[in-house]
Structure formats: C-alpha cells, structure tokens
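Let's look at this structure together, one question at a time.

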Amino acid sequence: MPELPEVETVRRGLAPTMEGAVIAQADVNRPDLRWPFPVGMAERLSGQQVLGLRRRSKYILADLASGETLLIHLGMSGRMLVSGDPLGVFVHEHPAPEKHDHVVLHMDNGARVTFNDPRRFGAMDLLETATAEQHKLLAVLGPEPLGNAFNEDHLIAAFKGKNTPVKSALLDQRIVAGLGNIYVCEALFRAGISPTRKAGRISKARVAALVPIIRDVLAEAIEAGGSSLRDFRQADGELGYFQHRFDVYGREGEPCRTPGCSQTVARIVQSGRSSFYCRSCQS
Ligand SMILES: [Zn+2]
C-alpha cells in the first residue's frame, strides 16, 4: 500500500508531464473505483489545463483551469503510469491498454497518464478548488507531517491524556495526516519508544523529539523516491514504488541495527496491523 513518501514520489513524477499541460482527452473506462466517479468526469477533465499538482496526506490534487480539482487516491494497489513523455523525463513508449487501465489522460504534449488499479480500492473525485479542504476525505485530516502546523506543541497537546498506544495515536489521521504503518514503526524505533506505550504516558521531551524524527524518516524516504525517478528504474513508466531500507519494518527475527544491541526485531499485532520493534531499544 503506498504511503506518503510513495504518493509524493508519484506527484513529483507526474508534475513534469502534467503541470501546465492540457488534458486533451480523458478516457474513463468504468463507472467507479472504490466509489462512483463524479457525473460527467471525462467531459469535465477533457480540455482542462492542469495548473498545478499538490499533495494532501496521501491524496494527489490536480488543480484545473475550470476551478475544479481532480483528487486522486491510489488506495491499495493503484498505479500511475506515464508514457510517451516528450520532455524526456520519461521516454517510455505508449503501452497497449491493459485490463485495469481505468482512467487514461491524454495530455496535449503527447504524454499519456494512466491510472491502473486491479483491486479498485483507489478513488478519483472532482471538487471545487476553492472549497477543496472541506471535501469529506480532506476535512477530517490533521496537519501535514512535513508542514509547520505539525510541531512539538501540537503533538504534545494531541497525546495529552491519551490512553491509546502511541502506535495507534500516530496512525490517527486527525493527529497527523498521511502517516502509515511503515513509517510509524520506523519513527518509533528511531525515537526509542515502544509502540505499546500509552501516548499520554510519554514525557513531553520524548514526544517533542518525535516530531523531527517523523519528518526525517519521511524526508529520507521521499529522497529515496526522488532518486528512483532520476535513476529511471521504473522501466515501464510506473511511478512511486522504490526500494528503501527500513530499520525495523518487515525485519521480524533479524538483528536489531542499533550498534551493541543483541536483540532481534520483534513483531506484534496492534489493531490488526503489524508493529515491528526492538524490545531492548524501545521502551
Ligand atoms: Zn535493539
């Protein structure tokens, strides 16, 4: 499942071919993904210039000249593919249409942007740009982890008196937007905080220290994603999935990476999600 760094990588990969370009034609090949597409989506997209691509949490927002914004959510298995880009950023030939190519945007610069999603947990919607933040998916979101509103005071206040495990608190999108299972595990390892510790029972100093750690963990992953774009590893034009080294995530039973620690990485299940951590380094 793509997390914030993967989505940001997709946004950065799409920007050179989409920003400033006109969607000459939009093909919408089915009536819905996770939810029905908005009425007349193909017509409302066709002929529209893309003024800019933004990201809010794990949503990509394409602001159109019409005053509408296209919201793109990759869901569990959604993929964005770019082909035929004339700018030379991606030089992939247009592939033959595939079964799960649900939405295809033919850009006026010759590029083609394809949304492919076999499991159809993804979503697309059109909203008024001016009131985009009030959209049902966006209105519930807390501050962006890389933005100024996510700071020490905010996190200390959000954790105060909270009886839930810190792992759950950090996955709560009202507290911080777009943070998912992988990067919460990584941030808690780096902070030396056990995922089972109650959020309200962590000292203010340790909560405050989590803020720059969360930012660093995400920023490093975004940088790795950026390298994947530059390195051209996505041979089929697919954006956003890249190799990244995790300290604990997915490493159950493997040695802890803290120098001098002889523990192995443990895995427990919290709220149905796996938590990876070191019992010795995190308390
Ligand atoms: Zn350890």
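Q: Does Cys-281 count as buried, partly exposed or exposed, and what is its relative accessibility?

A: This is a predicted model, where local features need pLDDT of at least 70, side-chain atom pairs count only at pLDDT 80 or more, and totals for chains, interfaces and linings use all residues. Residues are numbered from 1 along each chain as its sequence is written, and side-chain values use heavy atoms, with hydrogens and water left out. Buried means under 20% relative accessible area, exposed over 50% and partly exposed in between, with a 1.4 Å probe and protein chains only. Cys-281 therefore counts as partly exposed, at 24%.

Q: Which residues coordinate the zinc ion?

A: Donors are N, O and S atoms within 2.8 Å of the metal (3.2 Å for Na, K and Ca); water is not among the atoms, so sites may look incomplete. Here the SG atoms sit at 2.2 to 2.4 Å from the zinc ion. They belong to Cys-256, Cys-261, Cys-278 and Cys-281.

Q: What arrangement do the four donor atoms around the zinc ion make?

A: Four donors count as tetrahedral if all angles lie between 85 and 135 degrees. Around the zinc ion the angles are 106 to 112°, so the arrangement is tetrahedral.

Q: Is Cys-256 buried or exposed?

A: The relative accessible area of Cys-256 is 8%. That makes Cys-256 buried.

Q: Which residues does Asp-247 touch, not counting residues up to four places away in sequence?

A: Contact means heavy atoms within 4.5 Å. Asp-247 is itself buried, at 14% relative accessible area. Its contacts, with that sequence limit, are Glu-186, Phe-189, Arg-257 and Val-265.

Terms used. Tetrahedral: all angles 85-135°; square planar, octahedral: opposite > 155°, others 65-115°.
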